[in-house]
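Work through the exercises below with the model open. Each has a task and a stepwise solution.

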Amino acid sequence: MSERPAQLFGVMGEFSTPEDLLAATKKTREAGYKHVEAYTPFPVEGLSEAVGFKWTAVPLLTLMGGVGGGLTGFGLQYWVAAIAYPLNIGGRPLNSWPAFIPVTFELTVLGASIFAVFGMLALNKLPQPYHPVFNVERFGQASTDKFFLCIEARDPKFELAETSRFLQSLHAQHVNEVKDEE
Amino acid sequence: MSVTQNLPTGHEPEPWLEPGHTYASVTDKISSVVLTRPLGIGWLLGFAFLFGVVMMLNLAIGYLIVKGTGIWGINIPIGWGFAIVNFVWWIGIGHAGTLISAILYLLNQKWRTSINRFAEAMTLFAVACAGLFPLIHTGRPWMAYYMFPYPSTMGVWPQFRSPLIWDVFAVSTYGTVSLMFWFVGLLPDLATLRDRAKSRWQQVIFGMLSMGWRGSARHWHRYQSAYLLLAGLATPLVLSVHTVVSFDFATGIVPGWHTTIFPPYFVAGAIYSGFAMVLTLAIPLRKAYGLEGFITLRHLEQMAKVMLATGLIVAYGYFIEFFMAFYSGNKFDVFLAMQRLHGPYAPFYYALILCNILTPQLLWFKKVRRNIPALFVMSLIINTGMWLERFVIVVISLTRDFMPSAWGRYSPTVWDYATFAGTLGLFTMLIFLFVRGLPAIAISEMRELVHQDSHGNEGHS
């Protein structure tokens, strides 16, 4: 426990089904809240759009990783076989590119996969052992069978009593304050 | 969402999940195997035995390092022997996991959900066993780093035109990508275990592994994007790995190896043996941990159908090998084909045909596909058959190639058998540890399945 009074991170409501959560999220956005986040035990179709998330850089990063991996793979082989360590075997061409395809392909896939995975983790800011939502006792259920909607305090429209009432009006169970104890 | 339907049978298809399950019940059932179930006497005895087998593997490898590869049955001309037979066999088994995870994911096959996690684990362990063999077959495994391109003081670089170097890249890429794919899939489940763990050390371990996953909508969005891309990348990768392994043979001029049918027929064989191994593991697993509601009879039947289909492709491969030998008229190829039928190793070839082609035809019958003991025995037979296939390819071609003066014979020694049995023990021991240490079925995907089932998604789009 810190000595400073805990800061308010937001208000969180709990729902029992993904449909209720999705409907509530849409209404929250319609009511003008901008900083909204939903937490679910499995991906729910349409939910990321409902919280206002449209575009992810993961595919672009993956493409970059793939192109980079492929160029590295072919470049390395060309440099080794034609420049650094040329072996003249019966006068065959040094840049025997068909023989370089398998390694180029493997490094393309490797580069793209590494960028996809680590790009996804980095954009999600993981690993992140602490997050205020974990302070809500019932939030442990978010990885089993409960669906949570959090309206964050940094939202310009946020006002504790008003926002809590709003969540209750959406039929959320267990509306809790989310404290940031850091 | 479009779901590929089974052929219409005139009645409702069986569900992929026992009816009546909820988000909480699937979570409970799968996570309790890891978190709360006590270690039974069967698990402990099995683990102790397997640990002993792994110690035997250590002994066999230790002695090999002290004495050199002369303790094995390999000689000139049969330089490859058990090491390469076992390498190709294990890497083939390692194909089913990523195939199930990636290709069936792209094809939207719901039945992958219950089996993908442990099939992926199986893949990783099989690749680990496979990687061991070329490493120790070098004779000086501490020099294996020579195969990687690094700026050495000798100024020497790897020969990138050699399929053996392609192999290094293909297998290490496959191992790395499979590991990442597996871990990404595990991430939400590790968070579930973290939230449900009761003891402090479980909370700490799963807390660290889950990286603070909290299931936010934005996280899921990026997660799904990355997972789909990984599936798309892993699909050609799976097909490339055994293709490259087949190049080890096909780019050589040895009779029986130098054929263009090798890449597709190796890939089909890999999937064949991989599914057989998935069945070998799934049947005891569902029984031991009461997971019959998740890995249903319909799943087993589906895998049997995949085995039947890939088995027929393999049979076609065997046929084309013979056809091409005679069609080409090359006397060495014809001679080799006759060696398979009449040579000193002919019994192995006939056993191979029996295991890989004749017996699996029983899978045409629904009664056999839905008979669990029969399927289990069948999976063991197919695994044996696939091992024999690699033995036939490696040994028969090498013992009798072009010049009779260079012919030889091969018989493995006790150290060959000890090493092979040791990797079987290592593989099974890792499976034992995995089943109790991590969720053997993807929990978050099962919750998705519960969600879809409750909305009657099957068969509709």
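Two strands count as paired if DSSP finds at least two bridges between them. The model is a predicted one.

**Exercise 1.** Find the bridge partner of V11(A) in β3(A).

*Solution.* Start with the strands. β1 of chain A covers residues 7-15, and β3 of chain A covers residues 147-152. They run antiparallel and are joined by six bridges. In β3(A), I151(A) is the partner of V11(A).

**Exercise 2.** Give the strand order of the open sheet in chain A, and explain why one side of β2 and of β4 is left without a neighbour.

*Solution.* The four strands are ordered β2-β3-β1-β4, with antiparallel pairing. β2 and β4 (173-180) of chain A stand at the edges with a single partner strand each, so one side of each lacks a neighbour in the sheet. From one strand to the next, the twist averages 25°. α1 (residues 18-30) of chain A lies across β1, β2 and β3, at about 15° to β3(A).

**Exercise 3.** Describe the side of chain A that touches chain B.

*Solution.* Count first: 50 residues of chain A and 47 residues of chain B take part in the contact. Next, the elements. β2 (36-39), α2 (47-50), α3 (58-84) and α4 (97-123) of chain A each give two or more residues. α4(A) provides the largest share, 15 residues.

**Exercise 4.** Characterise the fold of chain B.

*Solution.* Chain B has 16 helices and zero strands. Its radius of gyration is 23 Å, close to the 23 Å from the globule rule for 461 residues, so chain B is as compact as a globular protein of that length. Of its residues, 47% count as buried.

Notes:
Residues are numbered from 1 along each chain as its sequence is written. Chains are lettered from A and ligands numbered from 1 in the order in which they are written. This is a predicted model: local features need pLDDT of at least 70, side-chain atom pairs count only at pLDDT 80 or more; totals for chains, interfaces and linings use all residues. Two residues are in contact if their C-beta atoms, placed from the backbone, lie within 7 Å. The radius of gyration is taken over C-alpha atoms; the globule rule is 2.2 Å times the number of residues to the power 0.38. A residue is buried if 20 or more other C-beta atoms lie within 10 Å of its own, exposed if 12 or fewer, and partly exposed in between; C-beta atoms are placed from the backbone. Axes are lines fitted to C-alpha atoms, for helices over the stretch in contact, and angles run from 0 to 180 degrees between N-to-C directions.
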